[in-house]
Amino acid sequence: MKSLALYVHIPFCAGKCYYCDFLSFADVAEDIRLRYTEALLQEIAEAAATLPKQSAADFEVSSIYFGGGTPSFIAPVQIERILNHIRDHFHVRTGAEITLELNPGTVTYDSLKAYKSFGITRLSIGAQSMMNLDLEHLGRVHSVSDFYEAYRNARTAGFRNISVDVMMGLPGQKYADYLNTLREIVACKPEHISSYALTIEEGTPFHEIYGSGRTARDNALGLFRLDLPDEEEERKMYAETANFLVSAGYHRYEISNFAKNDEERPHRYESKHNIVYWTRGDYLGFGLGASSMIENTRFSNIRDLNAYIEADGDVQKIRENETVLDIRAQIEEFMFLGLRMMRGVSFARFEECFHLSMRELYGAVIDAMCRDGLMQEDEGSVMLTARGVDVSNTVMSHFLLEEEQKEEDAFTGGDEEKDQDREAKEDGPPQDKESEEKP
Amino acid sequence: MAQNRQQNIRNFCIVAHIDHGKSTLADRIIEKTGVLTDREMQDQVLDNMDIERERGITIKSQCVRMVYHAQNGEEYVLNMIDTPGHVDFGYEVSRSLAACDGAILVVDATQGVEAQTLANVYLALDHDLDVFPVINKIDLPSAEPKKVKDEIEEVIGIEAQDAPEVSAKLGTGIEDVLESVIRKIPAPGGDPGAPLKCLIFDSTYDSYRGVIVFVRVRDGRLKKGMRVRFMQSGAEEEVVETGTFGPGQFIPCEELSAGMVGYFTASIKNIRNARVGDTVTDAANPCAEALPGYKKVLPMVYCGFYPADTARYPELRDALEKLQLNDASLLYEPETSQALGFGFRCGFLGLLHLEVIEERLIREYSIDLVTTAPSVIYKVHKTDGTCVDLTNPTNLPDPSEIEYMEEPVIDGEIMVTPEYVGSIMQLCQERRGIYVSTEYIEKNRAVLRYKLPLNEVIYDFFDALKSRSRGYASFDYELSDYMRSDLVKLDILINKEQVDALSFIVHADGAYERGRKMCEKLKEEIPRHLFEIPIQAAIGGKVIARETVKALRKDVLAKCYGGDISRKRKLLEKQKEGKKKMRQIGSVEIPQSAFLNVLKLDDEG
């Protein structure tokens, strides 16, 4: 039985935040949203029937993640329908992690109670900041008190695994402000905290404002614009996030993710679903623009809402960008995704997957990175150091292979055994694997 | 009959100041004689190198054969050779002129006589060509053909009152020009019965046919199957094909006889055997003596070309060899740099020439280049009494061995309207110019003469001149002599390591300023690394300027949302790709563009 993670995309929001470049819409009529759900249900059924080579019965769903957009923006009953539909077509493991993203201001005690009743096990709340001014600058639709209300209701409704998203490097944000946000969030004692630095993405209102620095035109027009924290300030926030959260009883398990420590099960509160991405487990994405990887083939769904609804679940029409990963791409991904995890990548695991020695292939790079203090070796694994995390793109780019290396015969051997590799890998969820590796 | 044919041949070229419409006129003439259909007609037919079209300049001479039915009822063969206008390409002009019997002088009806108008006319007269003027751009409201004609007679001293008035742009007056060609340019001389004697005025390389030699036949006949001798190199080859020039194509013909302009191929393997300027004769019946060749053009600016990908050194060598084939003024010899590996020190006529060669290597041969700072030739007088020519700053002897140094000085002539005289004089002073004279050739046209050190001119003088005169100044120069000068070698150290490719010679007074600017520019060009990088300018070990590239603090992608890793991969690949365009100097990676960009100190583009 192979593990499978499922992602469900709900591309609707109450309002579009100024920094957001995710695939979501704020102005879609309710009937369209309903038709979307119908199409989604169709896709789930078809996807289950057309899982490559295997049938859905060979897979066991270890986690489900409702993301968006704002999944809490649509009626809870729709989420229930989707979830039940998934259960009808896939084998969902008992105790599977089922996460729902929500935004404060879009939930009530009743809706949270409903989520709990039909099996959502984990909530991810987009708090972003604990200062109303920041929230306003970001174009968030909620206030700080909305967050508190949602959080309290979630606890009352019985949720025992809650993640809170927080952002740093916001317009006008000072180090002290950010620290205050962190303090307030930690005081709520969520089981998990995701902390992201604001990035200015193309096509967002923020890009127009901050994309190219303050211009003469801005000045001439007297456009009001807050400055983004400078690099030093932002790095200070970043460094303090780790310090502060560690002292507050959390551990960082991934570049941007922190989980509450648990004496008996150290990995208890880590997001099992997201770890599948970093460890290259199989996952299927449903809904608009969702990404999938099954058996080393990556594909994604189309991003046009009308076309998606039109396709009515026909996966032939929905899926695009199918890429069969060759051994080179698999190795590269193994490295640059794996290195996002603080535990790093294991030499033994690499050899198990690719029948190649990581030391032989990457020894020189690893040595150089370790010498420069960006990586370190520990108990049969290599991982980023704190400094390495800061410049992780630079570090990871060294693990892309040259074209010539791709041609080398050494790489062609792995293909046949690939299936067995996968079998071996999928014996348990990735995080269980990890506990075995780390005594 | 043959004599008749020779009587009806006209070999001519067009000379002009840059931008006076020479290439456009050439296009119209081609159009008029019907060599091309309208559909085939593209603007600036003769400028067929990409760079020429883009920059709107002519670099290479181009040749085209046309048939014209004149008003007197006879049919004439016109061989037109387009010539470059820019001062850097004077040698090309010279070569083309040797193949002609006359020249059309194009003068802009709004601009009148300019520096290069004069230079080119004198060049044409030196070659004993008959020159007649054509007044172009009469369609413009500010055109003053009458005034310009007077000016031509006054300044140049050639008859201009009956000069055709044309608008090459609109195509008016072209017939008039063609009739003038027939009337005013003599038929070629030469004896078709005499032993073969042709001048090689250009050549090109074709991967199928080998070297294609462009010739003007002075005497005799050149035929397929004939065994010819290159008089200078002594090589002998059998002619495979002879022909004439269509626009952008070669049209084979039976033979080329005295007076004709055309090409031949001879499956020439070694391109050095068919040098431009050499005389070709019949091996079986050679002519008594060779034609006088061209004056050898001496490069004035040197720089190093290095392949971005070191493995492509042999390709670079082949490409340079081929470029040299039709660009005799390009010199190159192998050199090595610690920073850049194996490459070539190349000699050019000027900075534009350098840039053109660089671009041709990149575009036509797809070789990415790293270019070092241009340098002139310094004369280093050593304490032991010897004197060496220094073309590469890296080779400067130890200061203790140097008695004194000399640098080349040019006679510069700047033509400008009076309101800019002040700012141009200031510019010349800043560039260590020595004032010679000011002359007003007309009440609104002044000629400033300065003696300027060449190394002050090769950087960005031309750009500065244009910007300080709002584009009105024109500049012409020729090398005059060498002058003793207080010169120092400025070294650039990146992360404490000297980068030989960035060293250059500079006048002591300007060293600090130049060093400071180099450091500032390098700071912009060098991406942040994981560590701090000091950039220093030093003279003989003494640091005179310093900048620091701060260490990279943050380079992290926050989120791979919903398992979408495509962006992450793209970002990493872009980063890796970027690295490939870098040169490793010690532990620092320097973008190749930095090597050229640091030289364009004042050029914000």
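Just after helix H3 of chain A, A:Gly119 takes a positive phi of about 110°. The model is predicted, and the predictor gives the complex an ipTM of 0.80 and a pTM of 0.63.

**Helix H3 of chain A**

H3(A) covers residues 109-117, and its buried residues are A:Ser111, A:Leu112 and A:Tyr115. These residues span an arc of only 100° around the axis, so they sit on the same side of H3(A). An α-helix has 3.6 residues a turn, so residues three or four places apart point the same way. The face turned away from the buried side carries the exposed residues A:Asp110 and A:Ser117.

What do the buried residues of H3(A) pack against? Their partners are helix H2 (76-89), strand S3 (91-102), strand S4 (122-128) and helix H5 (144-156), in chain A.

**Strand S4 of chain A**

Of the 7 residues of S4(A), 7 are buried, so the strand is largely enclosed by the rest of the structure. A:Arg122, A:Ser124, A:Gly126 and A:Gln128 point one way from the strand. A:Leu123, A:Ile125 and A:Ala127 point the other way. Both sets are buried.

S4(A) has parallel pairings with S3(A) and with strand S5 (residues 162-168) of chain A.

| Strands | Sense | Bridges | A bridge pair |
|---|---|---|---|
| S3(A) and S4(A) | parallel | 4 bridges | A:Thr99 and A:Arg122 |
| S4(A) and S5(A) | parallel | 5 bridges | A:Ser124 and A:Ser163 |
| S16(B) and S19(B) | antiparallel | 3 bridges | B:Pro307 and B:Leu369 |

**An open sheet in chain B**

In chain B, 4 strands form an open sheet in the order S17-S18-S16-S19, with antiparallel pairing. Strands S17 (331-337) and S19 (369-371) of chain B stand at the edges; each has a single partner strand, so one side of each is left without a neighbour in the sheet. The twist averages 35° from one strand to the next.

S16 (residues 301-307) of chain B runs antiparallel to S19(B), joined by 3 bridges. Within this pairing, B:Pro307 is the bridge partner of B:Leu369.

Helix H8 (residues 313-325) of chain B packs on the sheet. H8(B) touches S16, S17, S18 (341-348) and S19 of chain B, and its direction makes about 15° with that of S18(B). Helix H9 (residues 351-364) of chain B also packs on the sheet. H9(B) touches S16, S18 and S19 of chain B, and its direction makes about 15° with that of S16(B).

**Nonpolar cores**

The largest nonpolar core has 130 residues. Those with the most contacts inside it are A:Ile64, A:Phe66, A:Phe90, A:Ile120, A:Leu284, A:Phe350 and A:Tyr362. Beyond four places in sequence, A:Leu284 touches residues including A:Leu4, A:Leu6, A:Tyr7, A:Leu51, A:Phe90, A:Ile294, A:Phe299 and A:Arg319. In soluble globular proteins, nonpolar side chains tend to be buried together.

**Confidence in chain B**

Chain B has a mean pLDDT of 82, and 87% of its residues reach 70 or more. Where does pLDDT stay under 50 in chain B? One such stretch is residues 37-46, with 27 contacts beyond four places in sequence. Another is residues 55-60, with 32 such contacts. Where pLDDT is low, the predicted coordinates should not be read in detail.

Key: Residues are numbered from 1 along each chain as its sequence is written. Chains are lettered from A and ligands numbered from 1 in the order in which they are written. This is a predicted model: local features need pLDDT of at least 70, side-chain atom pairs count only at pLDDT 80 or more; totals for chains, interfaces and linings use all residues. Side-chain values use heavy atoms; hydrogens and water are left out. Buried means under 20% relative accessible area, exposed over 50%, partly exposed in between (1.4 Å probe, protein chains only). Helices (H or I, at least four residues) and strands (E, at least two) are DSSP runs, numbered from the N terminus. The arc is that of the directions from the helix axis to the C-beta atoms. Contact means heavy atoms within 4.5 Å. pLDDT is the predictor's confidence in each residue, from 0 to 100. Two strands pair if DSSP finds at least two bridges between them. Axes are lines fitted to C-alpha atoms, for helices over the stretch in contact, and angles run from 0 to 180 degrees between N-to-C directions. A nonpolar core is a set of buried Ala, Val, Leu, Ile, Met, Phe, Trp, Tyr and Cys residues joined through side-chain atoms within 4.5 Å.
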